Amino acid sequence: MNWKDCVRKVTPYTPGEQPKKDGIIKLNTNENPYPPSPKVLSEDVEMKDLRKYPDPTIGDLVRSLSEYHGVKAEQIFVGVGSDDVLGMAFLTFFNSELPIAFPDISYSFYPVWAELFRIPVETVPLDEDFRIRIADYEGEKGGIVFPNPNAPTARLLPLSDVEALLKAHPECIVIVDEAYIDFAPEGSSALSLLDSFPNLLVVRTFSKSRSMAGMRIGYAIGSPELIGAMQAVKYSYNSYTLNRPSIIWGTRSVEDEAYFRETIGKITATRERFTKAAEEYHFHVIPSSANFVFASHENVPAKVIFETAREAGIYFRYFDQPRISDYLRITIGTDEEMDKVLELFRKMGL
Ligand SMILES: *Cc1c(COP(=O)(O)O)cnc(C)c1O
């Protein structure tokens, strides 16, 4: 026996680059270009309280989210970013011998958790327009997970399709990762299906629409039975997940609905304006319901545009992967930032 055989071998997730340099236009990790609500900082964190453990139940934040979404507190699980919540959900719910299904082009963390937790996987190809085709998910599954809107394609699966998928799969838990749903048209969220489907888990994050990627706050909403099962796993692993500042500032953010609506409105308006302009520079842009667009150029390879932009201090995300190597994922920044992107397209002669 060799100790090297006892080391777990995994291929980790590769997060987007976080450059240290100043003056970068950073459109590579779907962060919100606007700061969090000014009310977030208004109740400052008491230094003297930091010596104490935080509330393991994350009660204040759970209560404000339960009011906000009109669900019971027992239906909410809060974690350290939705990555933590999704990881916990995989560990809690995907324990079948049957493979779990997710799209071939989707959040690249899913296969990483599957490998880490030794969950068998079946990837289901998106159609040629990068749509999820629910008919392709036929047959019993060990679980289903997908982002809606999808990432990195930005495409929204209509709620009627989400419902049909749930109807077809009472045998397994279906996780809808709604990291970008706040940028989609009203009425797109699977939250409205919760009462009909006790096997539905909806996952949300403060990282994108609430401008708080740096705080690491995510949550899941589901039936009390699902949430209870996740709590049991959490308390078997690490009880004190969210720190005190995250609990206080997260709660403040939920309370400022006006600011939340205002920044989302700005981003979706910039997205529509940028999409039209990019099409004039001969980009094919997939209709986006998120705070980013997925686009390919008629004749210049995405990799060339990616590298040229990077040299000019503008960071996009490029995936050197089958099917999407002709595409760039561009986060929607401020109007000024997107104007600089268009200026670069003009200079490149696109
Ligand atoms: C950004 C993102 C997440 C993770 O967000 P957290 O910062 O961990 O809350 C989860 N799923 C998708 C599809 C994402 O794009």
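Guide: Let us begin with the terms for secondary structure: helices (H or I, at least four residues) and strands (E, at least two) are DSSP runs, numbered from the N terminus. With these terms, Pro-149 is found in the loop between strand 5 (143-147) and helix 4 (159-168), and the place of Pro-152 is in the loop between strand 5 and helix 4 as well. This is a predicted model, in which local features need pLDDT of at least 70 and side-chain atom pairs count only at pLDDT 80 or more, while totals for chains, interfaces and linings use all residues. Residues are numbered from 1 along each chain as its sequence is written, and side-chain values use heavy atoms, with hydrogens and water left out.

Visitor: What kind of peptide bond joins Asn-148 and Pro-149, and what kind joins Ala-151 and Pro-152?

Guide: The bond between Asn-148 and Pro-149 is cis, with an omega of about -5 degrees, and the bond between Ala-151 and Pro-152 is also cis, with an omega of about 5 degrees.

Visitor: How many helices and strands are there in the protein, and how do you know that its radius of gyration agrees with that of a compact globule?

Guide: The protein has nine helices and 13 strands. The radius of gyration is taken over C-alpha atoms, and the globule rule is 2.2 Å times the number of residues to the power 0.38. For 350 residues a compact globule would have a value near 20 Å, and the protein has 21 Å, so the two agree. The C-alpha trace spans about 55 × 50 × 50 Å along its principal axes.

Visitor: Why is Ala-309 called buried, and why does Lys-9 count as exposed?

Guide: Buried means under 20% relative accessible area and exposed means over 50%, with partly exposed in between (1.4 Å probe, protein chains only). Ala-309 has a relative accessible area of 0% and is therefore buried, whereas Lys-9 has 58% and so counts as exposed. Ala-309 lies in helix 8 (residues 302-311), and Lys-9 is found in the segment before strand 1 (25-26). Of the 350 residues of the protein, 53% count as buried.

Visitor: Which residues does Ala-309 touch, not counting residues up to four places away in sequence?

Guide: Contact means heavy atoms within 4.5 Å, and with that limit Ala-309 touches Ile-314, Phe-316 and Leu-344, when residues up to four places away in sequence are not counted. Under the same exclusion, Lys-9 touches Lys-4 and Glu-115.

Visitor: What makes the pair of Tyr-107 and Tyr-110 edge-to-face?

Guide: Rings of Phe, Tyr and Trp (its six-membered ring) pair if their centres lie within 6.5 Å, and planes under 30 degrees apart count as stacked, over 60 as edge-to-face and the rest as tilted. The structure holds 21 aromatic pairs. In the pair of Tyr-107 and Tyr-110, the ring centres are 5.6 Å apart and the planes stand at 85 degrees, so the pair is edge-to-face. Tyr-107 counts as buried because its relative accessibility is 18%, and Tyr-110 is buried because its relative accessible area is 0%. Both Tyr-107 and Tyr-110 belong to one aromatic cluster, whose members include Tyr-13, Phe-90 and Trp-113.
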